Amino acid sequence: MFNTLRQDIQSVFERDPAARSWLEVVLLYPGLHAVWGHRISHWLWIHDFKLLGRWVSQIARGITGIEIHPGATIGHGFFIDHGMGVVIGETAEVGKNVTLYHGVTLGGTSLNKGKRHPTIEDNVVVGAGAKILGAITVGADSRIGANAVVNKPVPPDSVVVGVPGQIVKRKEHRYATTPDLNHGVMPDMIGASVISLMSRVDALEKILAMDHKHEPMQVRDSLWTIDDFAI
Ligand SMILES: CC(C)(COP(=O)(O)OP(=O)(O)OC[C@H]1O[C@@H](n2cnc3c(N)ncnc32)[C@H](O)[C@@H]1OP(=O)(O)O)[C@@H](O)C(=O)NCCC(=O)NCCS
């Protein structure tokens, strides 16, 4: 047990550069308090003290703003940064060294009593405000962008952005030993699609102009200027 508690504290130092001392971390990190509250409520839940387990979980929620259902399974090294507004459902399963930011929901989309919440594998990082919905699996070492809505399974080593979440598979496996916190670096899926579409239109216009021997249309090199979106 002490080993798990030590790993919980250690995970704060590994993933929050603002953390300065053990005392500060133990006293002032709501994410850590919520995880410790959950370790107690989960013990009560699996030993069939269900009501007491929910009661402890609600007290932790009142103090931290983080709601973790006592039935959820959480691996060691779990870190919730800032915390407020996080919701983790009853049948959610979270692997080792997972990081969540504030406003994340690991929620369900059905009223089935069985497995209805996501499984998050090891080393996944979930950006602020992201929603992962349904009994889907987010593969190990993946990064979920802030405010993404993920409702389809995510293979390991992926990056997911947007609503609904667009999955980008990384070309190379990172062989990660710690979560990839680079969650500010995200692909622009819509921008990339528009660029691809515009270059195809450009090529087609040139072919048409050659076929019909008339002047090629004036095609700009750049995609757009700020005036294109003036209102
Ligand atoms: C929006 C919602 C009600 C749709 O449910 P549904 O009718 O069963 O629809 P489906 O899951 O079949 O999805 C239909 C399409 O909408 C998309 N979609 C589903 N939910 C979406 C969401 N929240 N945002 C954007 N797109 C969504 C799906 O990707 C799918 O697109 P596709 O046809 O291109 O694959 C549901 O997905 C949802 O978001 N529920 C909220 C759950 C929630 O907040 N839970 C928290 C509990 S703590």
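# Legends to close-up views of a predicted model

View A. Arg143 stands opposite Val159 in E14. Helices (H or I, at least four residues) and strands (E, at least two) are DSSP runs, numbered from the N terminus. This is a predicted model, in which local features need pLDDT of at least 70 and side-chain atom pairs count only at pLDDT 80 or more, while totals for chains, interfaces and linings use all residues. Residues are numbered from 1 along each chain as its sequence is written. Strand E12 (residues 143-144) runs parallel to E14, joined by two bridges. Strands pair if DSSP finds at least two bridges between them. Strand E15 (residues 166-169) runs antiparallel to E14, with four bridges. Here Val161 stands opposite Gln166 in E15. E14 and E15 form a hairpin, with four residues between them. In the turn, Gly162 has a positive phi of about 90°.

**View B. Side chains of E14, and Val161.** From strand E14 (residues 158-161), Ser158 and Val160 point one way. Val159 and Val161 point the other way. All four are buried (20 or more other C-beta atoms within 10 Å of a residue's own; exposed is 12 or fewer, partly exposed in between; C-beta atoms are placed from the backbone). Val161 has 23 other C-beta atoms within 10 Å, so Val161 counts as buried. Leaving out residues up to four places away in sequence, Val161 touches Gly145, Ala148, Gln166, Met186, Pro187 and Met189. Contact here means C-beta atoms, placed from the backbone, within 7 Å. Ile190 is 29 residues from Val161 along the chain, and their C-alpha atoms are separated by 10.0 Å.

**View C. The ligand shell.** Around the ligand are Val87, Gly89, Thr105, Gly107, Gly108, Thr109, Leu133, Val149, Asn151, Val163 and Pro164. A residue is near a molecule if its C-beta atom, placed from the backbone, lies within 6 Å of it. The shell has five nonpolar, six polar and no charged residues. Ala, Val, Leu, Ile, Met, Phe, Trp, Tyr, Cys and Pro count as nonpolar, Asp, Glu, Lys and Arg as charged, and the others, Gly among them, as polar.

**View D. The five-strand sheet.** This open sheet has the order E1-E4-E7-E10-E13, with parallel pairing. Strand E1 (66-68) and strand E13 (149-150) are the edge strands, each pairing on one side only. Three bridges link E1 to strand E4 (residues 86-88), and the two run parallel. Ile68 stands opposite Ile88 in E4.

**View E. The four-strand sheet.** The order in this open sheet is E2-E5-E8-E11, and pairing is parallel. Strand E2 (73-74) and strand E11 (137-138) stand at the edges with a single partner strand each, so one side of each lacks a neighbour in the sheet. Two bridges join E2 to strand E5 (residues 93-94), which run parallel. Ile74 stands opposite Val94 in E5.

**View F. Helices H3 and H4.** The axes of helix H3 (residues 30-46) and helix H4 (residues 50-64) come within 8 Å and cross at roughly 175°. H3 is therefore roughly antiparallel to H4 (over 145 degrees). Axes are lines fitted to C-alpha atoms, for helices over the stretch in contact, and angles run from 0 to 180 degrees between N-to-C directions. H3 contributes Pro30, His33, Ala34, Gly37, His38, Ile40, Ser41, Leu44 and Trp45 to the contact. H4 contributes Lys50, Leu52, Gly53, Val56, Ser57, Ala60, Ile63 and Thr64. By class, this contact has nine nonpolar, seven polar and one charged residues.

Key
Parallel < 35°, antiparallel > 145°, perpendicular 65-115°, else oblique. Contact = placed C-beta atoms within 7 Å.
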